[in-house]
Amino acid sequence: MNNKPISPLSLIELIESQRYGVEYQPIVDLKSKDIMAYECLARFSDSNKQNIAPDIIYAALHDSPLTLFQVEYQQKLLQLDYAPSQSDIFVNLDQDSYFSTGEDSDKNPFLTLFKSFKSANIVVELIENSEVNDAIKSLAMIDTLAKSDINTAIDDVCNPLSMVSTSVIQLVDYIKLDKHVVAEKHNNQFMLLVETLINYAHSAGKKVILEGVETASDIVFARKINVDYVQGFLFKKWFHYYK
């Protein structure tokens with residue numbers, strides 16, 4: 001996968017060609033081993049059909065909010081078009097994309113799109129990060145989504161570069177633990193924090209998803225810390241489409 005910064009001309013060419021893809025990663029119930037949901041992940045490719053890391057694309061798009069919205073919206077259309085219908089689907093939504101149109105009401109294009117989708121229940125994932133302003137945006141977005149009976153999740157919790165917003169965590173339905181938790185499973189001090197967060201989530205009626213599960217030993221660890229669901233490369237991915 002190409003992780004180099006993308007040039008403006010290459011980004012324009014990618015957008016005009018709409019070389020967008022989608023990958024669906026299963027989220028698995030730890031007890032029953034059934035697939036509870038699929039996370040819809042954006043994918044991009046260059047003119048040589050080489051994958052480009054999504055973070056590279058979205059970082060470049062943040063300099064142009066309306067272009068960011070256009071790409072994000074086209075990605076969501078693609079993700080919903082091919083989404084499995086037998087289970088819930090999780091879709092990532094950048095706070096800046098959501099607010100780029102200036103609408104935080106029923107007129108917001110993303111909200112309209114999600115409400116019109118009837119094939120499966122949608123859970124909107126918000127990105128946990130280090131910006132206070134983004135936490136404020138997240139709170140406003142969660143409130144609007146909740147009023148439309150759309151469930152929410154917070155992603156990347158316990159990532160070392162993220163900021164834990166206690167207000168956001170209180171409002172979401174799902175807490176997704178970053179793969180950093182698996183990497184630091186032998187760090188006793190860190191795990192005290194993780195286990196406290198899991199206990200809080202369950203006491204508050206929330207569900208916890210552990211990301212980065214790649215081995216059988218990771219499953220043993222997931223059971224030990226009592227998460228509800230797991231996600232990662234241990235499980236077969238489904239569907240990978242490019243326009």
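## Strand 4 and its partners

Phe90 stands opposite Val123 in strand 5, and the two strands concerned, strand 4 and strand 5 (residues 122-127), run parallel and are joined by 4 bridges. Strands here are DSSP runs of E with at least two residues, helices are runs of H or I with at least four residues, and both are numbered from the N terminus; two strands pair if DSSP finds at least two bridges between them. This is a predicted model, in which local features need pLDDT of at least 70 and side-chain atom pairs count only at pLDDT 80 or more, while totals for chains, interfaces and linings use all residues. Residues are numbered from 1 along each chain as its sequence is written, and side-chain values use heavy atoms, with hydrogens and water left out.

Strand 4 also pairs with strand 2 (residues 35-45), in the parallel sense and over 4 bridges, and there Val91 is the bridge partner of Cys40. Because 4 of its 5 residues are buried, strand 4 is largely enclosed by the rest of the structure; buried means under 20% relative accessible area, exposed means over 50%, and partly exposed lies in between, with a 1.4 Å probe and protein chains only.

## Strand 7 and the crossover

Strand 6 (residues 151-157) pairs with strand 7 in the parallel sense over 3 bridges, with Val157 opposite Leu177. Between these two strands the chain passes through helix 7, and this β-α-β crossover is right-handed, a term that applies if, with the strands pointing away from the viewer, the path from the first strand over the helix to the second runs clockwise. Strand 7 is also joined by 4 bridges to strand 8 (residues 207-210), which runs parallel to it, and Val208 in strand 8 is the bridge partner of Ile175.

## Two loop residues

Tyr82 is found in the loop between helix 3 (65-81) and strand 4 (88-92), and it counts as partly exposed because its relative accessibility is 38%. Leaving aside neighbours within four places in sequence, Tyr82 is in contact (heavy atoms within 4.5 Å) with Tyr24, Phe239 and Tyr241.

Ser148 lies in the loop between helix 6 (132-147) and strand 6, and it counts as buried because its relative accessibility is 17%. Not counting residues up to four places away in sequence, Ser148 touches Asp106, Leu111 and Lys115.
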